[in-house]
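Visitor: I am new to this kind of picture. Could you show me how to read it?

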Amino acid sequence: MNGLEQVKSALSAALERAGIETRTAYAPGWAKAYETPVVAVGLRTGESKGGALSHYLGRQTDPETLAGRDVYGLRLDLTLSLDIYCPPREGAAGCDGVLEALHQIMLEGLPPGLKPTGLKWEEAAWDPDTSMFLRRGSLACGAYFIAAASEDGPLLTDFILKGVVNK
């Protein structure tokens, strides 16, 4: 899974843990009418900081193979889309309830590798394409990654969101 997909997946998991249903924006079949409020998680903008993998962190030895590899750090500045869709029976007020939960998640529920810098939203409006109320939102954040190159060259073997535990 690439870095951007890891960020969207980690953010979706944080929202789901808080009881907010999510979908990946623009995935096949995502834009439809839902029975409960749903947040579509996607990317609005992104920027790589520091010349891609320019932050050398040191050398790491694989405990199983004893092979060494160089480890690098990467920072991405992202603006993720968090578009809230609410069914007609909940009205625009349903979007407000989800927005309040998003604020709480920003304060205490994001993975350690995501550092929020701002949450913006628009007025809730009727979306004729989905027959639901829609409040477009954006979360600006920094995402911090650790990547490793193999002994054979610069081929990256890992691209892991900092703070995510691999099993």
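Guide: Let us go from the fold to the space inside. This is a predicted model, where local features need pLDDT of at least 70, side-chain atom pairs count only at pLDDT 80 or more, and totals for chains, interfaces and linings use all residues. Residues are numbered from 1 along each chain as its sequence is written, and side-chain values use heavy atoms, with hydrogens and water left out.

Visitor: How many helices and strands are in the protein chain?

Guide: Helices (H or I, at least four residues) and strands (E, at least two) are DSSP runs, numbered from the N terminus. Here the protein chain has two helices and nine strands, in the order α-β-β-β-β-α-β-β-β-β-β along the sequence.

Visitor: What share of the residues is buried?

Guide: Buried means under 20% relative accessible area with a 1.4 Å probe, counting protein chains only. Of the 167 residues in the protein chain, 40% are buried.

Visitor: And what about empty space inside?

Guide: Rolling a probe the size of a water molecule over the atoms shows where empty space is left. A cavity is a set of points, on a 1 Å grid over the protein atoms alone, where a 1.4 Å probe fits but cannot get out; lining residues have an atom within 4 Å of a point. The whole structure holds one cavity of 30 Å³ or more, and the largest cavity has about 40 Å³ of space.

Visitor: Which residues line the largest cavity?

Guide: They are L11, L15, L82, L102, I105, M106, L110, L119 and L139. Both α1 (3-17) and α2 (91-108) give two or more residues to this lining, and α2 gives the most, with three.

Conventions:
Buried < 20%, exposed > 50% of the residue type's maximum accessible area, 1.4 Å probe, protein only. 1 Å grid on protein atoms, 1.4 Å probe; cavity = no way out; pocket = protein on both sides within 12 Å on 5 of 7 lines; lining within 4 Å. Points joined across faces, edges and corners; volume = space filled by probe spheres on them.
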